[in-house]
Amino acid sequence: MSAKPEQHLKVGDWWYLPQQDKLVKIDETGDISETASLDNLCQKALNYFLVNAGRLITRDELLSDVWGVRDVSDGRISRVIRVLRVALGDDSREPKYIETIPKRGFRFIAPVSEVILVADNADADVATAQDEHSAQQQSQNQHRHWWLLAAVFVSCMVVITGWHYWQQSQLEQHVPFGRFEPISSMDGLELYPDVSNDGRYLVYGHSPDFEGNSSLVLQNTQTLEKKLLKTVSSGGLRGPIFSPDMTRVVYQHLLREHFCEIRIMALNAKTYDVESDKLLTHCGLKSVGARMSWSPDGKYVVFPNWLARTESIVLQLQPVDGGPAEELTTPPQTSLGDFAARFSADGSKIVFVRDVAGGTGQIWLLDMETRSSKMLFQPEHNYPGNVAWTVDGKGIIYPSGTNSLSVYDLDSGVSALFANTDSSPHDVLVSKDNRIFASIGRFWQSSIRKINNRLENPIQSTDDVEFAKRSEGIVQLNPHSDGPAAVLTSRSGGQQVWLYYPDGRQKQISSFTGQMYPKVLEFSPDGKKLLVLVNAMIWLLEDGKEPVAITTPDQQSREPSWGADSQTIYFKLSHNGRWQIMRQNIAESAASILSDKWDFFQESPNGAYQLRHLPGEPHIELVYKDSQDVIKLINMPKFEFLSPRIILREQGIYFSKASGPDKVEIFRFNLKTLQIESTGVEQKYLGRRFDVSLDENFIYQDDGKRGDIDIAELKF
């Protein structure tokens, strides 16, 4: 099976660091200047090439030893090879790293050298290069001179960098490193998994494409054999959970704004064929994909449910044999709600996640006897999408970073790192036999297109924005064509913001520490400054200046936007469970309250008008700044907890909206005619980011594709 190098390696122009399981480039000062950020599967494939450098690797061998299965499409192998070449800076026409052998396979041809770190009495590290495993075997005499130079170079570089890595290894040596071994390995998204009590089976939802197809899959964790339980062509099948005796499965069938059902499926005890599939209860039309839990006594299911009267998601306890549901939680107005509930082994407690201002997540504990709940803690640098109990019931395990899992100890009230991992876990599950499972991978692969806006620019054109294809996160194009784009990427290690200039220059302008997760990038109208929302904290970034924190870590802020003067900032701030609209000049140290009534506010780049929204109102208001005339806009996107993407320009207001059962378009509200008109630009998925150039001649659309999420088991 697939192997991981256990030693430091020099790989062409890169260094392989075994503790981080990463390829990095190191500059002259000994700092990491670039990281080859790869998903779990691509990193596994690279590791396999490294331990087999110089040898022909067939496609069948890759399928067997990297995927661990043989029912993977040939196209997925090609995808992994393409990703590796892009990350390494390789060219298939003149390869330096991966050579394609037509009709046979691949060969890793870059030189791979082992680097041994040794700590001397002065606590300094020196290194010697040994055991050259070059892919091209040539005579030792021809390379003797190269070897001497290489040894000197390697020794110098490790003297510079060795102390850093030795220190890090001492700090982290008590924390195990685990690899996620994929189990499902299907194309598309495998989401919301649950594991049976005996650890033998997984059940999860699978969405292979954007066509609305969705399935429930039962899979043996030992043989990897899959069984299709149900398939639908409309709506998603989400959050399946096993009953304690594994004779039933409860799941959610959801098509937002149309229907939401919690259904119960009976399984044959021997064959696991579906014997019945019935409605258990209805859920709110604005519910999200459910992560549910079954009580150990088999009598109840707890699930997240959106309620119209509270405009939030609450946890409800539903009797499996029928009867009214009980509301267990009451989240505040500024919270999206409560979700990801998990019963303890004895059923006396429920751990769950509470959203805070749409940017951070808190882990809470509910006592089932008293129905009282309390917050345990709020992770600093991660939104815990899911949580699980440890086997002994004394701790809560949760994803705590890009590549880590942590455990919160209920007795001490302390959270500690549990394991460093080779991939970013989204969900986490713990079986009774102490096996750990998670969903890993990427939800979306961005690909931005520049399309003519036919309402202003009749010359038909479509161009790909090339650099955006390599972005790991958000791409925000500058409102001015000669200005830089902002790209969120992990190329330099953690998630950071880089500016990509039209002349080819690239520059990092953020210096976030820890596992930070920027969510919003917004350029000022002059294109020189950038607002960044990190978790629930707002930062101001500008080339050549130090980052400035607009809000503090203890404040819950959202939806930053710019005033027309490129000096004023507007944002939402949570206060006593309600939203306030704040205004601040960037030259000032504090913000003032603009309104404690509105929950949305934006100003147009030319300063001619503003948009605002009152909670509970069906319409958004257009206010002309000079005259203060108000127009109520109809047929606009609905305002929920998360405000829709709206772009304000001189000629009109742009937004995306569903125009049919399976069709999403970008529209404009024309400020002259006061009519809504279609731009003709379609989107694959409602809610994807888009932008409009300041002159309105072009629309920038994220026309990417659904990513790949697999269910995997953590192996140490």
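Colleague: Which residue in E37 is the bridge partner of Ala485?
Modeller: Tyr500 is the bridge partner of Ala485. Keep in mind that this is a predicted model.

Colleague: In which sense do E36 and E37 pair, and over how many bridges?
Modeller: Two strands count as a pair once they share at least two bridges. Strand E36 and strand E37, which covers residues 496–500, pair in the antiparallel sense over five bridges.

Colleague: How many bridges join E35 to E36?
Modeller: Two bridges join them, and these strands run antiparallel. E35 covers residues 475–476. Its Val475 stands opposite Val487 in E36.

Colleague: How many residues of E36 are buried?
Modeller: A residue is buried under 20% relative accessible area. In E36, residues 485–489, five of the five residues are buried, so the strand is largely enclosed by the rest of the structure.

Colleague: Which residues of E36 lie on one side, and which on the other?
Modeller: Ala485, Val487 and Thr489 are on one side. Ala486 and Leu488 are on the other. Both faces are covered.

Colleague: Now the core. Which residues touch the most other members of the largest nonpolar core?
Modeller: A nonpolar core joins buried residues through side-chain atoms within 4.5 Å. The largest one here has 32 residues, and Leu62, Leu84 and Phe108 touch the most other members. Elements giving two or more residues to this core include strand E1 (8–11), helix H2 (59–67), helix H3 (74–88) and strand E7 (105–108). Helix H1 (40–51) is also one of them. H1 gives the most, with seven residues. There is also a second, separate core of 16 residues, with Leu499, Phe512, Leu530 and Trp539 among them.

Colleague: What does Leu84 touch, not counting residues up to four places away in sequence?
Modeller: Leu84 touches Leu38, Cys42, Ala45, Leu46, Phe49 and Ile98. Look at Cys42 in that list: it is buried, with a relative accessible area of 0%.

Colleague: How many of the twelve residues of H1 are buried?
Modeller: Eleven are, so H1 is largely enclosed by the rest of the structure. The buried residues include Asn40, Gln43 and Lys44, as well as Leu41 and Phe49.

Colleague: Is Val83 buried or partly exposed?
Modeller: Val83 has 28% relative accessibility, so it counts as partly exposed. Val83 sits in helix H3. Leaving aside neighbours within four places in sequence, it contacts Leu38 and Cys42. Val83 and Asp39 are 44 residues apart in sequence, and their C-alpha atoms are 9.4 Å apart in space.

Colleague: What joins the side chains of Arg238 and Ser207?
Modeller: A polar contact of 3.3 Å joins them. Arg238 is in strand E15, residues 236–242. Its relative accessibility is 18%, so Arg238 counts as buried. Beyond its neighbours within four places in sequence, its contacts include Tyr192, Ser214, Tyr251 and Met292.

Colleague: Which residues does a disulfide join?
Modeller: The structure holds one disulfide. It joins Cys260 to Cys283, with 1.9 Å from S to S. The link is left-handed, with -90 degrees about the S-S bond. Cys260 lies in strand E17 (residues 259–267) and Cys283 in the loop between strand E18 (274–282) and strand E19 (293–294), so the pair ties together parts that are 23 residues apart in sequence.

Colleague: Are Cys260 and Cys283 buried or exposed?
Modeller: Cys260 is buried, and so is Cys283.

Methods
Residues numbered from 1 in each chain as written. Predicted model: local features only at pLDDT ≥ 70, side-chain atom pairs only at ≥ 80, totals over all residues. Heavy atoms only, no water. Buried < 20%, exposed > 50% of the residue type's maximum accessible area, 1.4 Å probe, protein only. Helix = DSSP H or I, 4+ residues; strand = E, 2+ residues; numbered from the N terminus. Contact = heavy atoms within 4.5 Å. Polar contact = N/O pair within 3.5 Å; in protein donor to acceptor, adjacent residues only side chain to side chain. Disulfide = S-S within 2.5 Å.
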